[in-house]
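Here is a short report on one protein chain. Look at the sequence and the model first, then read on.

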Amino acid sequence: KEGWDMDRLMESVPPLVDIPRQQPTLRELASIHRSDLVVVVSTTEVSLLVHRYQVSARKLRLAPFFYGPRPPSSPGFAERSHIVTIGNMKHGPNADAVAWLRSGLWAKVRTRVKQLTGDDVEMHVYGAYMSDHDKAWTSRQAPGLRMCGKAESLECLASYRVLLAPLRFGAGVKGKVTDAWWHGTPVCTTPVGAEGMFALDCDPIQAGARVDPGTPWGGFHGAVSEDQLAEDTARLYADEAVWSASVREGARILEARFSEAVGLRFVEEVLRISNDPRSTSALREDNPTGAVLWHSQFRSTEYFSKWLELKEAPGQGP
C-alpha cells in the first residue's frame, strides 16, 4: 500500500558478497571500471557509484535528454481537466503503478479531489502492450478509472491538468515526467519517480543525495503512501497558484537539465575527451581497478590458450 523513499530503497540492495543475487551488478561494475568514460542518466546513479562502489567521479558523465523548445503556448489551468498516467505496460514499474491505482489508490485520489473541487474527476491510463485483463477493466470496477490503450500522440498530455506517476520502484530518469513538463503538465509522483530530476544547482555527486520533499519542483515528489499521494494530487489539481508555479518550475528544470543545448554540450565534451590521448591517459592513470581488471582479463585468455594447447596434445585429451 505504499512506496519507498530512496534511502529505504538503497538499504534494500543486497551486499556485493551475495554473489548469486548480485551477478548483474558485478558484471556492470566490472564494465564500468574497465571503461575510460561512463555515461549515467541520473544524479542518484552518480552518487551511488561514487559513494557506495568507489568509482572515480572523474570518469562519470551525466547523459541528458534532448528536448527541443517547448510550444509557445499550452492550455491553461481552466482549460484542462482530469488526471493522466502513461507508460509501457511491459515495464514492471509501470504495471505495478497501475495495479496500485486499481487496488485503492485511485479511489482515495478521486475522493479527495471531489472534496476540494466538487469535480467527478477521471483517471486516464495510456500505455502500449496492455494485457487483455487491462483492456477488459471497466470504470464499474474503479469509478472514473479508464484504460485508454496506446496513446496516438504525446500531445494528449496537454489536455490534462495533472500527470500522476505512483511509482513504487524503478531507476533512472522518467520520460513520462519530462514529457509532461514539455506539454505544460505538472506531475505528482513518489521519490522514485523524481529520481535525478532536479535542477543541478550543486555538484552532481551532491545532487544525488536525499532530496527534501519541499525542494521546488514541477509538481510534488515526496509522497510514499496512498494518503500522501491523494493529498498531493488533489492539491495540485485544485489550487491554480500551486499548479502554475509547478508548471514554471518544470519548464525551468527541463531547460536547465534536458534541453538540446545541454545535450550537445555533453556530446561535445565526451567526444573531446575520447579523441584526446592525454585525457584518456589521465583517466586510466586514475583508474587502478580498471587496470587490474584488464590485466586479469588478458591473463585469463593466456591461461585458457595454454589449457587448450595441453588438451589437444597427444595423450592429454579427456
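Two strands pair if DSSP finds at least two bridges between them. Helices (H or I, at least four residues) and strands (E, at least two) are DSSP runs, numbered from the N terminus. M123 stands opposite L145 in β5. Strand β4 (residues 123–126) pairs with β5 in the parallel sense, over four bridges.

This is a predicted model: local features need pLDDT of at least 70, side-chain atom pairs count only at pLDDT 80 or more, and totals for chains, interfaces and linings use all residues. Residues are numbered from 1 along each chain as its sequence is written, and side-chain values use heavy atoms, with hydrogens and water left out.

**The whole chain**

The protein chain has 12 helices and eight strands. Its C-alpha trace spans about 85 × 45 × 35 Å along the principal axes. Of its 318 residues, 45% are buried. Buried means under 20% relative accessible area, exposed over 50%, and partly exposed in between (1.4 Å probe, protein chains only). Contact means heavy atoms within 4.5 Å. Among contacts between residues at least 6 apart in sequence, 73% join residues at least 24 apart.

**Strand β5**

Which residues of β5 point to one face and are buried? They are L145, M147 and G149.

**Helix α6**

Why is α6 described as largely enclosed by the rest of the structure? Six of its eight residues are buried, so the rest of the structure largely encloses α6. The buried ones are K176, V177, T178, D179, A180 and W181. They pack against the elements in this table.

| Element | Residues |
|---|---|
| β3 | residues 83–86 |
| α4 | residues 92–117 |
| β7 | residues 187–189 |
| α9 | residues 240–257 |

The buried residues of α6 also pack against β6. Just after α6, G184 takes a positive phi of about 75°.

R168 lies in the loop between β6 (162–165) and α6 (175–182). Is R168 buried or exposed? R168 is buried, because its relative accessible area is 18%. Its side chain makes a polar contact with the side chain of D96, at 2.9 Å. A polar contact is a pair of N or O atoms within 3.5 Å; within protein, one must be able to donate a hydrogen and the other to accept it, and residues adjacent in sequence count only if both atoms are side-chain atoms.
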